[in-house]
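Subject: Structure for you to look at

Hello,

Here is the structure I said I would pass on. Please open it beside this email and find each residue as you read.

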Amino acid sequence: MEKIAAAGVPVGVCMMPILPGLCDDAANIEAVVRWTADHGGTFVLPSGLTLSDQQKDYFFKILSERFPDLLPLYQRLYPPKSL
């Protein structure tokens, strides 16, 4: 990233999807932003998770099996009829 930025090419990081509780919290996001800036990056492009059609059912099934304590959080973040 530093070499490309030094050559004058705008560089940054795509941080997608942001997954609260699973692997992303305020400290993690801040660390990514700081690292990007410290290495010549000029942007961080974040995005949330999209759960359309069967994706939501599948994701919630896996979440309930592996991280059941996070299911209520994701049910609040992705209520019925949300994407």
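Below are some notes on the aromatic rings and then on the cysteines.

Please keep in mind that this is a predicted model.

Aromatic rings

The model has three aromatic pairs. One of them joins Phe59 and Phe60: the ring centres are 6.4 Å apart and the planes meet at 50°, so this pair is classed as tilted. Phe59 and Phe60 are both buried.

Another pair is made by Tyr74 and Tyr78, with 6.3 Å from centre to centre and 0° between the planes, and it is stacked. Tyr74 has a relative accessible area of 1%, so it is buried. Tyr78 is also buried, at 10%. The cut-off for buried is under 20%.

Taken together, Phe59, Phe60, Tyr74 and Tyr78 are linked into a cluster by ring pairs.

Cysteines

How many disulfides are there? The count is zero. Cys14 is in no disulfide, and the nearest cysteine sulfur to it belongs to Cys23, 16 Å away. A disulfide needs the two sulfur atoms within 2.5 Å.

The accessibility of these cysteines is as follows. Cys14 has 54% relative accessibility, so it counts as exposed. Cys23 has 46% and counts as partly exposed.

Regards

Notes:
Residues numbered from 1 in each chain as written. Predicted model: local features only at pLDDT ≥ 70, side-chain atom pairs only at ≥ 80, totals over all residues. Heavy atoms only, no water. Phe/Tyr/Trp six-rings, centres within 6.5 Å; stacked < 30°, edge-to-face > 60°. Buried < 20%, exposed > 50% of the residue type's maximum accessible area, 1.4 Å probe, protein only.
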